[in-house]
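Please look through the following report, which describes one protein chain from its overall fold down to a single residue.

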Amino acid sequence: MIIDTSKIRDLVASDMTGYRVSQLVNVSSQTYNAYKSYKKSVENMTLKTAEELMKVIAYELPSPIKLIAWEEGKLQSVENFNTSNELKSHLLTTDYFSWINDNDPNKALPDFSNVESVEDVQSILDDYNYSWWSMEVVTDEKFN
């Protein structure tokens with residue numbers, strides 16, 4: 001993951017609250033608010049905090065299609081795409097699901113090779129939604 005301190009500074013300067021950040025990622029509202037109030041410097045931010053804030057930035061970035069992974073109610077990853085073909089290509093080349101076979105070796109992993117739409121992708125993802133881990137596709141109505 002690329003850490004962009006300029007984007008982190010923009011996030012901290014925005015109206016995003018510490019409470020909202022703590023809902024989305026593993027950064028406490030107190031930690032985030034310390035950066036907002038300049039009690040802590042972005043330049044001295046831990047790599048872990050910076051990575052978590054980059055997830056928030058990707059989540060908030062306007063994009064036609066977002067692929068979002070949630071773990072334990074927190075953002076695990078956010079990928080942004082312009083087209084459903086980009087999303088499909090990403091899903092065909094990125095391994096999000098092999099861990100499933102660690103617990104259930106006989107469970108078939110999702111096959112995205114025949115998907116034709118974002119709705120098809122979401123239908124497959126719905127079959128792999130666990131109480132503690134899930135993925136979703138979100139589309140931005142402004143782009144559709």
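## Terms and basis

Contact here means heavy atoms within 4.5 Å. The model is predicted, so that local features need pLDDT of at least 70 and side-chain atom pairs count only at pLDDT 80 or more, while totals for chains, interfaces and linings use all residues. Residues are numbered from 1 along each chain as its sequence is written, and side-chain values use heavy atoms, with hydrogens and water left out.

## Ser22

Ser22 lies in helix 2, residues 18-24, where helices (H or I, at least four residues) and strands (E, at least two) are DSSP runs numbered from the N terminus. Ser22 counts as buried because its relative accessibility is 18%; buried means under 20% relative accessible area, exposed over 50%, and partly exposed in between, with a 1.4 Å probe and protein chains only. Apart from neighbours within four places in sequence, Ser22 is in contact with Val27, Ser28, Ser29 and Lys74.

## Overall fold

The protein chain has 7 helices and 3 strands, which follow one another from the N terminus as α-α-α-α-β-β-α-α-α-β. Its C-alpha trace spans about 50 × 35 × 25 Å along the principal axes, and 40% of the 144 residues are buried. Of the contacts with a separation of 6 or more, 49% are between residues 24 or more positions apart.

## Helix 1 and helix 3

The axes of helix 1 (residues 5-13) and helix 3 (residues 29-36) come within 9 Å and cross at roughly 100°, the axes being lines fitted to C-alpha atoms, for helices over the stretch in contact, with angles from 0 to 180 degrees between N-to-C directions. The two helices are therefore roughly perpendicular to each other, a term for angles of 65 to 115 degrees.

In this contact, Leu11, Val12 and Ala13 of helix 1 meet Tyr32, Tyr35 and Lys36 of helix 3. These residues divide into 5 nonpolar, no polar and 1 charged, where Ala, Val, Leu, Ile, Met, Phe, Trp, Tyr, Cys and Pro count as nonpolar, Asp, Glu, Lys and Arg as charged, and the others, Gly among them, as polar.

## The cavity

A search of the whole structure finds 1 cavity of 30 Å³ or more, a cavity being a set of points on a 1 Å grid over the protein atoms alone where a 1.4 Å probe fits but cannot get out, with lining residues having an atom within 4 Å of a point. The largest cavity has a volume of about 40 Å³, a volume being the space filled by probe spheres set on the points, which are joined across faces, edges and corners.

Its lining includes Ser84, Asn85 and Lys88, and helix 5 gives the most to that lining, with 3 residues.

Notes:
On a 1 Å grid over the protein atoms alone, a cavity is a set of points where a 1.4 Å probe fits but cannot get out, and a pocket is an open set with protein on both sides within 12 Å along at least five of seven lines; lining residues have an atom within 4 Å of a point. Angles under 35 degrees count as roughly parallel, over 145 as roughly antiparallel, 65 to 115 as roughly perpendicular and the rest as oblique.
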